[in-house]
Amino acid sequence: MSHLDNDSFLRALLREPTPRTPIWLMRQAGRYLPEYRETRKRAGSFLALCKTPALACEVTLQPLARFDLDAAILFSDILTVPDAMGLGLCFAEGEGPKFERPLTREWEIRNLAAPDPCLELRYVMDAVAEIRRALGGSVPLIGFAGSPWTLACYMVEGGASADYHKVKTLAYTRPDLMHHILAVTTQAVTAYLNAQIESGAQAVMVFDSWGGALSEAGYQTFSLAYLRQIAAGLTREREGRRVPRIAFAKGGGLWLEALATSGFDALGLDWTMDIGRARALVGDRVALQGNLDPAVLFAPPEVVAAEAGRVLDAFGPHPGHVFNLGHGISQHTPPESVAALVEAVHTHRQK
Ligand code: CP3
């Protein structure tokens with residue numbers, strides 16, 4: 001078994017006891033850090049940063065140099081997979097992600113193929129290996145991918161969407177084509193995550209950011225069914241250790257019980273639901289990760305500490321909690337708030 005100085009994060013995901021509640025933050029490397037903005041400027045763009053392993057490694061480590069975080073997460077993006085499928089990812093300044101060739105016609109959908117992660121996504125595997133070496137066994141490295149449904153939203157809409165008009169129209173009028181996109185993407189994501197594990201990722205997380213846009217029946221059919229397939233296809237052990245898997249379903253509070261039996265070890269929770277209530281629903285079936293409202297980090301340190309305490313007390317004195325935000329950290333967050341949060345979580349004593 002490879003040595004880790006701090007394996008609290010991996011243990012908590014498997015609901016084993018830990019000396020204190022581990023914490024990491026979604027988007028912990030990013031624009032709220034001046035050193036990230038500096039490296040990004042040097043790279044020329046966000047995508048160049050993702051595609052240059054040495055720079056991706058550098059920014060992955062930046063938040064760990066500042067804060068006592070219990071895990072590192074690969075610096076990349078969920079949209080690298082559709083990019084490798086030929087859709088042409090680009091980021092227009094201040095506009096979010098866009099695809100040059102979104103899926104609009106039947107033949108484009110029929111031609112879709114899963115990329116070989118060791119060829120088209122080689123730069124990601126190189127980044128994973130380089131980050132693992134640089135971490136030197138200090139904390140575990142998380143690999144990640146988007147869920148098939150969330151990726152399909154971007155692939156069909158061509159970018160961010162307020163109402164998911166195009167992708168939902170496709171799902172309800174041509175379910176055959178929708179399922180074809182989801183099946184190919186599931187194959188792509190499973191192979192991509194397994195390649196990250198092979199390259200050194202010690203836990204993996206699937207982001208289902210837009211699952212919450214679906215109805216319950218739609219969620220079962222278009223998202224959960226494919227999450228189950230991914231979980232079933234993931235490498236279970238590597239380097240003599242379990243590789244825990246996390247599913248983050250934004251807006252998924254309503255479907256926690258179904259998610260708890262989908263083959264994931266832990267569920268990421270957004271901030272809308274009380275984490276104690278979530279725990280009562282899932283019981284001992286899965287660990288939970290979350291779920292502070294990222295906006296709390298705009299308040300003074302004593303409010304940050306009090307709100308973090310509220311989440312920790314709501315979860316209660318059981319094993320199986322990884323502290324996180326309910327969604328990615330905002331670019332407007334003062335770094336001092338993050339320092340206050342990490343300190344508060346690590347020194348918290350259960351009420
Ligand atoms: O958590 C981490 O630190 C790892 C890195 C990471 C990024 N994106 C970096 C990033 C991860 C895990 C993601 C996941 C991701 N990307 C998701 C799922 C999580 C979620 O937020 O719901 C989604 C939907 C995307 C797609 C995406 N990428 C969007 C919508 C944007 C624009 C958002 C914005 O704030 O402008 C991106 C760009 C992006 N991905 C940035 C970062 C640090 C900002 C890039 C920059 O301008 O420097």
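## The sheet

An open sheet of seven strands runs in the order E1-E4-E5-E8-E9-E10-E11, with parallel pairing; strands are DSSP runs of at least two residues (E), numbered from the N terminus, and two of them pair if DSSP finds at least two bridges between them. Strand E1 (72-73) and strand E11 (321-325) stand at the edges with a single partner strand each, so one side of each is left without a neighbour in the sheet.

Within the sheet, strand E8 (residues 245-249) pairs with strand E9 (residues 266-268) in the parallel sense over three bridges. Ala247 stands opposite Leu267 in E9.

## Basis of the model

This is a predicted model, in which local features need pLDDT of at least 70 and side-chain atom pairs count only at pLDDT 80 or more, while totals for chains, interfaces and linings use all residues. Residues are numbered from 1 along each chain as its sequence is written, and side-chain values use heavy atoms, with hydrogens and water left out.

## Two packed helices

Helix H2 (residues 34-43) and helix H4 (residues 53-66) pack at an angle of about 170°, their axes being 10 Å apart. Helices are DSSP runs (H or I) of at least four residues; axes are lines fitted to C-alpha atoms over the stretch in contact, and angles run from 0 to 180 degrees between N-to-C directions. H2 and H4 are therefore roughly antiparallel to each other (an angle over 145 degrees).

Pro34, Glu35, Tyr36, Thr39, Arg42 and Ala43 in H2 meet Leu55, Glu58, Val59, Gln62 and Arg66 in H4, contact meaning heavy atoms within 4.5 Å.

Terms used. Parallel < 35°, antiparallel > 145°, perpendicular 65-115°, else oblique.
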